[in-house]
Structure formats: C-alpha cells, structure tokens
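Reader: Could you take me closely through one part of this model, the open sheet and what lies against it, giving the criteria behind each term as you go?

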Amino acid sequence: MSGVSLKNLYEEMLLLRRFDKLSMRLKMKDLIYSGYHPTEGQEAVAVGFCGALRDDDVLLSTHRPHIHAVAGGCTMEAVLTEMMGRTTGCSGGLGGGMQYVDPEHNFYCGSVVGSNLPIATGVAMAMKQQGSDRVCMCMFGDGASNTGSFHEALNLAAIWKLPVIFVCENNGFAEAMPVEEFVACKRISSRSRAYDLEEISIDGNDVEACRATADDLIERTRKGEGPFLVEAVTYRIRGHYVGDPEKTYRTKDEVAEKKQEEPLVRARERLLEQGTDAAELDALEGPIKERLDALSEWAVEQPFPTLEQAIDNVYIPLTEGEVACR
Amino acid sequence: MPVITFGEAIKQAYREEMQRDKNVFLMGEDVGRWGSLYRSSTGLLEEFGSEQIKDAPISEAAIAGCGVGSALMGMRPIVEFMYIDFISIAMDQIVNHAAKWHQLSNGKIKLPMVIKTQGGAGRRNSSQHSQSLENWFVNVPGLITVMPSTPYDVKGLLKSAIRNDNPVVFIEHKCLYFDKQEVPEEEYLIPLGKADVKRTGDNVTIIATSWMVSFALQAAETLADEGISCEVIDPRTLWPLDKETIIQSVKKTGLCLVVTEAPAEGGWSGEASSVVHEHCFSELKKPVKRHCSIRTGIPYGATLEREVIPGAESIAGAVRELTNAPSSSPLTP
Ligand SMILES: Cc1ncc(C[n+]2csc(CCOP(=O)(O)OP(=O)(O)O)c2C)c(N)n1
C-alpha cells in the first residue's frame with residue numbers, strides 16, 4: 001500500500017465522519033438548504049478509492065458526494081460552503097449539496113442518478129486519445145446500477161478499453177429500496193460479465209482492502225488494462241436523508257448489527273490488535289474538532305451569491321456586451 | 001365539505017380510480033413504501049397491494065417503457081417520475097413511442113397512460129431538481145399536458161387523465177402538495193382542455209399556470225386596492241388549450257399578461273400570447289406582455305431562486321406597467 005499507514009487512513013476516515021456530523025448539524029439548523037445525504041459508514045470507500053487518485057486524475061461523484069470530494073482533494077471549505085450556498089463554495093454556492101464542479105481539483109458531481117457513468121466514459125475516451133496515463137474514477141450507488149446509463153457506459157468503456165474505474169458503492173439501499181429486492185443479481189460485480197470484464201467485489205468497510213484494490217486497479221488502468229468495475233460492499237448507517245421514514249424499509253436491530261462492522265470500528269480494532277495505543281487514537285479527535293469548529297465558524301460568515309452572480313454565465317455571449325442570460 | 005391537501009386529493013383520485021378499475025396502477029420510485037416523495041400515495045400499497053402500487057428501480061426509461069407496453073396490453077398505467085428533471089431520461093419512450101403509436105396504427109392502438117411528475121422551484125432544490133419543462137411536451141403532437149393548481153382541480157383533472165385514452169403528461173408543482181381547500185366527497189370530474197376563471201375582473205386578463213396562479217391571485221388582490229381589476233385565468237390544460245375562455249376574457253379587458261415559471265423564450269407563454277394576438281388584435285390596447293422566469297438555471301440557496309421566478313409583487317409590477325400605473329418591480333424587463 002503506497003506507504004500509507006493504517007493509522008493515517010483511520011485519521012482521514014475520522015475527519016470525514018466528523019465532517020459529515022458537522023454537516024448534519026448545519027442541516028438541522030437550516031444552514032444547508034437542499035436534502036442532505038449522510039455518509040456515515042461509507043468512509044472506507046471514500047478514503048480508499050478517492051484518496052488513491054493522483055491530482056491530475058478525474059473523479060466523478062453523485063448526490064452523496066461530499067466525502068468523495070474531500071477525499072479526492074477538494075477543500076473542506078469549498079465543499080461545506082457549497083452545501084451552505086455561499087460564494088466560496090465549489091460552484092460559487094449556486095449548485096448546493098449534490099451538484100457542483102471543482103475543475104481545479106478535477107472533481108464533478110451531479111444529482112441525476114446514473115448520469116455520471118456516461119460522462120466518465122467520455123472523460124476517459126479523451127484521456128486515452130490524448131495519450132496520457134491519467135485515469136477517471138466514477139463513484140455511484142447500487143441503485144445507479146439499474147439505470148440504462150450504467151449499462152450503456154460499461155459497454156462503451158469495455159469495447160473501447162477506456163481508462164476508467166467504475167466504483168459501485170453498494171450501501172444496501174437506494175432510498176427505501178433494499179438492494180436484494182431491486183437488483184436482480186446477488187453481486188453487482190457480476191454485471192461485469194456481460195461486458196467481459198473481471199468480477200471484482202470487495203469488503204467496502206475494510207479501508208486497507210479498499211486502498212489496496214484502488215492502488216492496484218489505478219496502476220493497471222494507467223498501463224491500459226482498463227476499464228474496471230468494482231463493487232465495494234458497505235452499509236448506509238443513516239437514512240437516505242436526515243429524518244427519512246426508516247421503519248418503512250429496515251429495523252433498528254439491523255442497523256445496530258451493521259454498526260458493529262462499520263469502517264471506523266473495524267480499523268480501530270485492527271490498530272489495537274497491532275499494538276497501537278487506544279489513547280493515541282483518541283488523541284486524534286482533538287485537532288479534528290478544532291479544525292472543524294474553525295471551519296464552521298468561518299463558513300457561516302461567508303457571503304451568499306447575489307442575483308447578478310446567480311444569473312451570470314448562463315451562456316457565453318455571442319457578441320461582447322450581450323446580456324448573458326436573456 | 002372536508003378541507004384536504006393537494007396531496008390528499010391526489011390520493012383520493014388514485015383510490016377512487018383504482019377501486020373502479022383494476023387495470024389502473026401506479027408505478028414509480030418509492031411510490032409504495034414511502035408513498036411517493038410528497039406522500040401523495042401513502043397507505044395505498046397496504047390498501048391495493050403490489051399489483052396496483054409498484055415500487056420501481058431507478059430506471060426511468062424502463063418505467064416509461066413499462067407504461068407504454070402495459071397500456072398497449074389494455075392496462076391503465078400511471079407512471080410517476082419523482083422529479084420532472086429526470087423525465088429527460090424517459091423522453092425517448094414518451095416522445096417517440098407513447099406519442100406516436102396511436103397515429104402509426106391508424107388509430108387502432110390506444111395508449112391510456114398518465115405520465116405523472118412534479119416540477120418547479122421553491123424548495124431550494126437547485127438547477128437539476130427545480131425546472132419547469134412543460135414546454136417540451138406542449139410541442140409534441142400526441143400528448144396532452146395538464147398542470148393543476150389547486151386541490152379541487154388536481155383531483156378532478158387526475159381522474160379525467162386516468163380515464164382518458166391518450167398519453168397525458170400531468171405535472172404537479174412541488175410547492176402545492178400541502179395547500180388546502182374544500183373538496184367535495186361525492187365524485188366529480190374536471191374535463192381536460194377546460195380553463196378556469198379563478199377571479200373575474202374588468203381591466204386586465206392575467207393568464208397564469210400552476211404555482212403562479214396563487215401569486216397572480218395575490219397580485220390581483222393588491223391591485224384591486226389600487227383600483228385595477230384583474231381577471232385571473234388558469235388554463236389547467238396547456239394543450240389542448242381552451243382558447244375560447246381566454247379570448248372572451250381579453251375581448252372584455254383589452255389587456256393581457258401571461259405568467260409562467262418556465263422562461264418565456266421558446267415556451268408555451270409565447271403560444272398563449274400568439275392566440276391572444278391572433279384572435280383579439282382589434283380589442284387589444286397594447287401588445288400582450290409576458291412575465292416569466294429569468295432565463296437561467298435555478299440557483300441554489302435560501303432566497304435566490306425566488307428572485308429569478310415571478311412572485312406576487314413582480315406580477316403586480318408587470319400589471320401596473322401594462323396599465324401605465326407607477327411600477328416598482330425589478331424583474332420586469
Ligand atoms: C435519475 C434519477 N432518478 C431518481 C433520483 C432520486 N434519487 C436520488 S438518490 C436516489 C437513490 C440512489 O441510490 P444509489 O444509487 O444506491 O445511491 P445511494 O443513495 O445509496 O448513495 C434516488 C432514487 C435521482 N436523483 N435521479
């Protein structure tokens with residue numbers, strides 16, 4: 001594993017867990033306006049996969065993007081204030097929590113499920129044509145694997161052997177739809193067979209497994225062995241959004257049981273087994289808290305976009321001085 | 001008469017039509033377990049079972065395709081798209097199949113399906129979840145497009161849409177689901193293609209659709225105090241359009257304002273305006289004015305989206321301009 005210790009990975013996951021908590025608090029205070037999709041329990045996939053990319057690789061995400069964004073190199077400042085609709089956000093506060101772009105950090109997400117897969121295919125096609133060794137990584141959920149976009153994108157990427165890694169974050173649910181009832185195959189990875197790709201399914205709560213797989217697939221993709229589809233099996237600990245009617249699709253007992261296997265618990269257990277001191281791990285919390293307290297204090301002071309900013313840039317004017325939005 | 005919400009009125013329409021005809025079914029993402037995004041079908045899964053209330057995977061093209069295929073086989077599907085924005089994924093089925101097969105079969109095939117969705121801004125959902133895309137459907141021959149604005153109307157119109165043998169695109173507004181109104185217990189239908197005069201007046205005709213109807217009515221109230229009497233017309237069905245009601249009104253008032261949440265350019269508001277120009281040219285004191293959203297993606301945030309779409313105040317401003325009263329609206333072009 002590219003020289004990164006489990007403790008480093010644990011610390012990164014912890015930061016994302018607390019970042020999600022902070023965001024949820026801000027949502028409760030009505031400082032985040034759109035629906036907020038929590039990420040608790042899915043940190044291993046974010047850190048393992050998104051964190052393994054090079055700066056010039058391209059990352060595409062979904063309607064649950066914030067920890068992918070941060071793990072993939074966007075600043076927490078830009079991601080948080082985008083969710084809060086401030087000008088310092090990735091999209092200047094005009095996109096909100098599930099649709100923003102950060103071209104400087106090669107990060108793009110959108111809120112139409114499945115639509116990022118065909119886009120990833122296009123990104124990878126360009127990369128290949130340009131002769132670079134860059135790769136594109138595309139994150140999506142189990143639900144997205146039911147879209148036509150998924151199948152069209154996989155086929156295209158496969159016939160053209162594109163440098164793209166499709167990462168299916170199987171968190172057990174699409175909104176209230178349990179994966180067992182709404183996806184026809186037991187393992188989403190088996191869908192790769194239809195496109196003559198390898199079947200790769202891994203434990204998405206094991207951050208070391210995630211990072212090792214990511215490192216391996218990225219390297220192979222750079223060598224021209226792509227595309228790849230990988231299924232990372234994890235669990236959505238929170239509702240689809242804060243306050244969704246969870247009892248319509250699962251029991252409290254199920255969630256309690258799954259909490260025993262979530263990535264932070266798993267990584268911590270392993271670290272303790274390996275002889276890391278518990279106090280040393282607990283000590284990681286303090287600086288993270290300080291950092292996030294400062295972040296949220298700063299964030300609430302940031303300005304909102306004006307109407308002028310909001311309607312500027314709708315298209316590139318054909319003549320100079322033309323009012324852009326009319 | 002019981003007072004119920006817009007969402008409850010939808011549920012009553014479903015219930016009555018599903019009891020009347022076992023071929024009627026609802027299919028869409030989370031229409032069963034969750035009872036739809038704005039809870040307009042809660043409890044119906046328990047009541048009617050999974051043959052009539054079908055939770056579907058995230059497969060918009062497939063959902064629309066199931067609508068077309070099952071309608072072909074004699075069923076009466078209601079296919080729901082959670083947000084109108086996602087209907088783009090189902091467009092091929094709707095435009096190239098649902099809207100075409102009746103004609104291609106020389107009238108032999110009927111496709112009685114309701115393509116039900118919700119659109120519009122106002123819930124801080126940003127530009128991929130807040131669009132007003134009704135214009136796309138108005139421009140497709142073969143489709144009927146309905147946009148209800150009140151609980152009473154949604155119930156009567158939905159029941160008519162379900163019984164209609166054409167594909168009907170039925171577009172609700174996300175800000176209307178919790179609006180309340182008296183709705184009779186006994187059964188009633190509202191014919192498609194029939195406008196409703198929501199307020200009578202003499203000086204100006206305001207034609208408004210969907211959520212904009214309530215703002216037009218608020219504006220009319222304010223303007224009444226200023227001595228401007230507005231007639232507010234809700235077409236309810238964008239196509240086919242009840243031209244008669246509109247023409248009669250404008251012949252009386254001589255001034256006309258069209259208000260939509262969709263941007264004006266290339267839209268239905270232009271169609272409505274043309275109808276007035278074509279039929280009321282000699283009675284018009286001024287050209288028809290349109291007051292619509294700014295041509296921009298709906299911005300995120302707590303307040304900005306309200307600034308790019310019409311509201312009661314900006315509608316009043318547009319009317320004042322038409323009537324040469326002092327104006328104050330920043331949105332009026
Ligand atoms: C095309 C489309 N259909 C429906 C939705 C509404 N929606 C938002 S998130 C979601 C569930 C997505 O499930 P999955 O892909 O498994 O991702 P997860 O939410 O589990 O991260 C749905 C149905 C959408 N945003 N886009």
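Author: Two strands are said to pair if DSSP finds at least two bridges between them, and the elements themselves are DSSP runs numbered from the N terminus, helices being H or I of at least four residues and strands E of at least two. This is a predicted model, in which local features need pLDDT of at least 70 and side-chain atom pairs count only at pLDDT 80 or more, whereas totals for chains, interfaces and linings use all residues. Residues are numbered from 1 along each chain as its sequence is written, chains are lettered from A and ligands numbered from 1 in the order in which they are written, and side-chain values use heavy atoms, with hydrogens and water left out.

In chain B, 5 strands make up an open sheet of mixed pairing, ordered E9-E11-E10-E13-E14. Its edges are strand E9 (196-199) and strand E14 (289-293) of chain B, each of which pairs on one side only. From one strand to the next the twist averages 25°, where axes are lines fitted to C-alpha atoms, for helices over the stretch in contact, and angles run from 0 to 180 degrees between N-to-C directions.

Within this sheet, strand E10 (residues 204-208) of chain B runs parallel to strand E13 (residues 256-263) of chain B, and 4 bridges join them. Opposite Thr205(B) stands Cys256(B), which belongs to E13(B). Helix H10 (residues 268-280) of chain B lies across E10, E13 and E14 of chain B, and the helix runs at about 165° to E13(B); contact here means heavy atoms within 4.5 Å.
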